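Thanks for coming. Please look at the sequence and the model on the screen, and then I will go through a few features one at a time.

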Amino acid sequence: MKRPLPIASTTAPRHLLAVFLTGFLLLPGTAQDGFEPSGNPALERYIGLALESNLGLRQKQLDYAQDLAALQEARGLFFPDVSLHARYTVANGGRRIEFPVGDMLNPVYSTLNMLTSSTTFPQIENESFAFYRAREHETKLSLVQPIYSAELIQNQKIRKEQLELTRIGVEQYRRELVREVTLAYHAWAGARQMLALADSTLALVRENLRVSRRLFENDKVTVDAVYRSETELSRVLAQKAAARTGVESARAYFNFLLNRELQEDIELVEPEPWQPRTDVDEATARALAARLELDQLDGGIRLNDHVAKAYRGNNLPGLYGVVDYGFQGEEYRFTGEDDFVLASLVLSWDLFQGSANRNKVQQARIERDKLLNRKAEAEQQIRLQVIRQHHALLAAWDAVQSTRMEVRSARRAYELIARRFEEGQASLLELIDARTALTGAESRAIGARGEYFATYAEYEYVIGSSL
């Protein structure tokens with residue numbers, strides 16, 4: 001049994017995505033002043049691979065192929081049904097048919113003999129023969145051609161609507177897969193950035209430990225400064241181990257979506273966030289036109305209408321043409337004296353079934369009203385989702401800009417305090433606080449960038465198309 005595709009919930013805690021989703025690592029020398037839109041060819045290629053090889057999507061496609069075969073089956077019911085029937089019977093006993101031919105003709109024959117003074121007309125015996133012949137065969141070809149059948153007509157339309165609903169389901173799964181692959185890719189990239197941040201911080205902490213030991217050897221700080229630096233080193237090493245675990249987990253999940261080896265390498269491309277230019281009214285109109293949930297509900301309404309017509313069709317007659325051609329006799333012979341042809345028009349009409357059909361039609365009408373209400377509710381939910389994701393995207397963009405400024409300030413402050421610490425003019429506590437502030441700012445910047453790309457992917461999913 002296939003594993004279901006995990007779909008990221010839009011109600012999940014966003015700070016978890018912020019930790020792992022991608023961002024451009026804001027270490028010294030990586031910050032850029034401009035934010036220009038840029039594509040991600042690596043991600044586009046991976047999305048193509050997922051659409052080709054994902055097992056969950058393949059299962060959905062097999063469901064579509066199965067429903068397509070069912071539609072072909074329904075269409076085939078309109079063609080003639082030709083069948084061969086052969087029967088050979090051996091009978092013994094059973095009812096006998098008495099034919100009093102003697103009782104009917106003997107008085108007449110006697111009168112004729114008397115009038116003619118002759119014996120020209122002999123007396124005959126009554127006849128008796130078995131109802132079942134001792135041996136009998138019948139071999140025939142039967143052709144049945146539906147001429148009019150409301151049941152067959154509506155059955156084909158129902159199968160067609162079911163096929164369309166399955167197709168929409170496949171496309172919906174494709175969109176969810178695209179979103180999931182996008183989020184998983186950014187999750188892996190963000191985890192890599194967190195690992196790189198841990199490596200950079202580890203280098204700083206080791207340098208702090210080296211300076212602390214040198215200052216202690218020169219009697220400029222006490223031994224507790226060395227211990228404090230060693231404690232910070234142990235803490236950063238633990239953070240690095242956790243970041244490495246996050247990288248491997250994110251890599252395995254991403255490759256799982258692509259149906260590849262879980263440890264296979266992934267190409268990293270780091271696009272810069274760009275300022276979103278969206279209009280709520282335009283996005284809402286696009287969402288209402290493109291969201292497949294509404295298409296599914298429309299298809300459900302049409303399917304329900306065909307079901308109701310099928311129930312009404314049970315009150316209509318069905319007309320069929322039947323032709324039989326074959327051979328009959330006591331011996332297996334296929335000659336012109338043994339063949340026969342039968343042609344019939346067969347009318348089938350259920351005149352009374354209680355109130356079953358009427359009640360089923362009423363149920364179908366109620367179901368249609370329910371589907372219309374669900375569609376109206378779904379449209380309102382889509383409008384709400386667009387508004388929420390629109391403002392969430394704008395907030396994510398503002399967070400990217402503010403964290404960039406925070407990193408610049410924190411880095412500059414750390415550089416100044418580090419220089420003063422080496423000169424013996426700043427305490428180790430000040431240096432550690434500055435380094436912690438810089439690490440926290442860079443971590444928040446990674447999270448903000450990851451949150452931006454995650455929100456962007458969710459926004460595209462909500463409006464049902466690419467921005």
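First, a definition: a residue is buried when its relative accessible area is under 20%, exposed when it is over 50%, and partly exposed in between, using a 1.4 Å probe and protein chains only. This is a predicted model, where local features need pLDDT of at least 70, side-chain atom pairs count only at pLDDT 80 or more, and totals for chains, interfaces and linings use all residues. Residues are numbered from 1 along each chain as its sequence is written, and side-chain values use heavy atoms, with hydrogens and water left out.

Next, confidence. pLDDT is the predictor's confidence in each residue, from 0 to 100. The protein chain has a mean pLDDT of 82, and 90% of its residues reach 70 or more. Residues 1-38 have pLDDT below 50, although this stretch has 100 contacts in the model beyond near neighbours in sequence; contact means heavy atoms within 4.5 Å. Where pLDDT is low, the predicted coordinates should not be read in detail.

Now the salt bridges. The term means a side-chain nitrogen of Lys or Arg within 4 Å of a carboxyl oxygen of Asp or Glu. The structure holds 25 of them. Arg167 and Glu164 form one, at 2.8 Å from N to O. Why are these two about one helical turn apart? Because they sit three residues apart in helix α5; helices here are DSSP runs of H or I with at least four residues, strands are runs of E with at least two, and both are numbered from the N terminus. Arg167, at 36% relative accessibility, counts as partly exposed, and Glu164, at 27%, is partly exposed too.

Arg175 pairs with Glu171, with the closest N and O atoms 3.9 Å apart. These two are four residues apart in helix α5, so about one helical turn separates them. Asp199 and Lys240 form another salt bridge, with 2.9 Å between the closest N and O atoms. This pair links distant parts of the chain, since Asp199 is in helix α5 and Lys240 in helix α6, 41 residues apart.

On to the inside. A nonpolar core is a set of buried Ala, Val, Leu, Ile, Met, Phe, Trp, Tyr and Cys residues joined through side-chain atoms within 4.5 Å. The largest has 23 residues, and those touching the most other members are Tyr46, Val181, Tyr185, Trp188, Phe254, Leu258 and Ile266. Helices α2 (41-53), α5 (150-217) and α6 each supply at least two residues of this core, and α5 gives the most, with 10. Beyond four places in sequence, the contacts of Tyr185 include Tyr46, Phe254 and Ile266.

Arg251 counts as buried because its relative accessibility is 12%.

Last, the surface. Val82, Leu84, Leu141, Leu143, Val323, Tyr325 and Val341 make up a nonpolar patch with about 620 Å² of accessible area together. Patch residues have over 30% relative accessible area and no salt bridge; like charges are joined within 9 Å, and nonpolar side chains (Val, Leu, Ile, Met, Phe, Trp, Tyr) within 5 Å. Accessible areas come from the Shrake-Rupley method with a 1.4 Å probe, and for residues only the protein chains shown count as cover. Strands β1 (81-90), β4 (135-148) and β5 (318-329) each give two or more residues to the patch. Val323, in strand β5, counts as partly exposed at 37% relative accessibility.
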